[in-house]
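Thank you all for making time this morning. I would like to walk you through one protein chain, and I will go slowly for those who are new to reading structures. Please have a look at the picture first.

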Amino acid sequence: MQTPLIDDLIATLKVLPGVGAKSAQRMAYHLLERDRKGGLRLAKALETAMENVGHCKECRTFSETEFCPICASHKRIRSEICVVESPADIAVIEQSGIFKGVYFVLMGRLSPIDGIGPDEIALPQLEERLQSGGIDEMIIATNPTVEGEATAHYLQQMAKNSGIKVSRLAQGIPLGGELEYLDSGTLAQAFISRKEV
């Protein structure tokens with residue numbers, strides 16, 4: 001039997017994605033047995049982040065200031081906007097170093113079954129941004145899931161209504177991949193997205 005404080009710590013750790021009761025218990029015991037200083041640093045970092053990290057006023061990614069470093073930069077190409085589902089997607093794209101435009105983070109994707117409509121992922125805010133001018137191309141970088149594809153379709157219509165060129169990240173065979181190891185959905189997408197050479 002555990003004390004109420006330990007039970008509370010374990011229950012709190014279970015809010016993390018992919019952490020069940022056993023994993024939470026292992027983490028709690030590890031912090032209490034072997035790394036109390038690390039646990040205190042973690043608690044302080046969590047408290048500071050929860051109190052001080054908000055959303056960028058322009059792109060909606062996480063930011064400690066009114067505008068994130070990307071939106072605040074004068075070196076970014078403001079006529080290109082890449083729409084992503086989460087801040088984690090920005091991190092991956094930025095690591096590649098290939099995209100020099102700006103972003104808009106949906107913080108989710110359309111999912112009527114879950115009650116997530118256009119207002120819940122700030123599509124009216126994006127539409128307002130598109131109609132304000134200065135954007136020539138919208139690059140859709142939603143995930144290739146059913147919800148991601150539905151969101152992409154909605155975004156395509158929104159951009160076309162604003163007279164903005166729309167492109168979608170290519171999907172299909174990964175670099176270095178072999179055909180025999182691909183699933184049929186990936187192979188089908190590769191055929192659909194094929195380009196003339």
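Let us begin with helix H6, which in this predicted model lies across strands E3, E4 and E5 and runs at about 155 degrees to E4. Helix H7 also packs on the sheet, where H7 touches E3, E5 and E6, and the direction of H7 makes about 160 degrees with that of E6.

Now to the sheet itself, which is open, has 4 strands in the order E4-E3-E5-E6, and is paired in parallel. E4 and E6, the latter covering residues 165-168, stand at the edges with a single partner strand each, so one side of each has no neighbour in the sheet. On average, and with direction ignored, neighbouring strands of this sheet are turned by 25 degrees against each other. If you look at E3 and E5, you will find that 4 bridges join these parallel strands, and that Ile-81 stands opposite Met-138 in E5.

Let me return to H6, which spans residues 123-131, and ask which of its residues are buried. They are Leu-123, Leu-126, Arg-129 and Leu-130, and because they cover an arc of only 115 degrees around the axis, they sit on the same side of H6. What covers the buried residues includes strands E3, E4 and E5, together with helix H7, residues 146-161. After H6 comes Gly-133, whose phi is positive, near 95 degrees.

Cys-59 is in no disulfide, with the nearest cysteine sulfur, that of Cys-68, 3.7 Å away. Cys-71 is likewise in no disulfide, and the nearest cysteine sulfur to Cys-71 is that of Cys-56, 3.7 Å away. Cys-59 counts as buried at 1% relative accessibility, and Cys-71 counts as buried at 5%.

Finally, let us step back to the whole chain, for which the domain assignment gives domain 1, residues 4-52, and domain 2, residues 76-168. Taken over C-alpha atoms, the centres of domain 1 and domain 2 are separated by 34 Å.

Note on methods
Residues are numbered from 1 along each chain as its sequence is written. This is a predicted model: local features need pLDDT of at least 70, side-chain atom pairs count only at pLDDT 80 or more; totals for chains, interfaces and linings use all residues. Side-chain values use heavy atoms; hydrogens and water are left out. Domain bounds come from an automatic or database domain assignment. Buried means under 20% relative accessible area, exposed over 50%, partly exposed in between (1.4 Å probe, protein chains only). Helices (H or I, at least four residues) and strands (E, at least two) are DSSP runs, numbered from the N terminus. The arc is that of the directions from the helix axis to the C-beta atoms. Contact means heavy atoms within 4.5 Å. A disulfide is a pair of cysteine sulfur atoms within 2.5 Å. Two strands pair if DSSP finds at least two bridges between them. Axes are lines fitted to C-alpha atoms, for helices over the stretch in contact, and angles run from 0 to 180 degrees between N-to-C directions.
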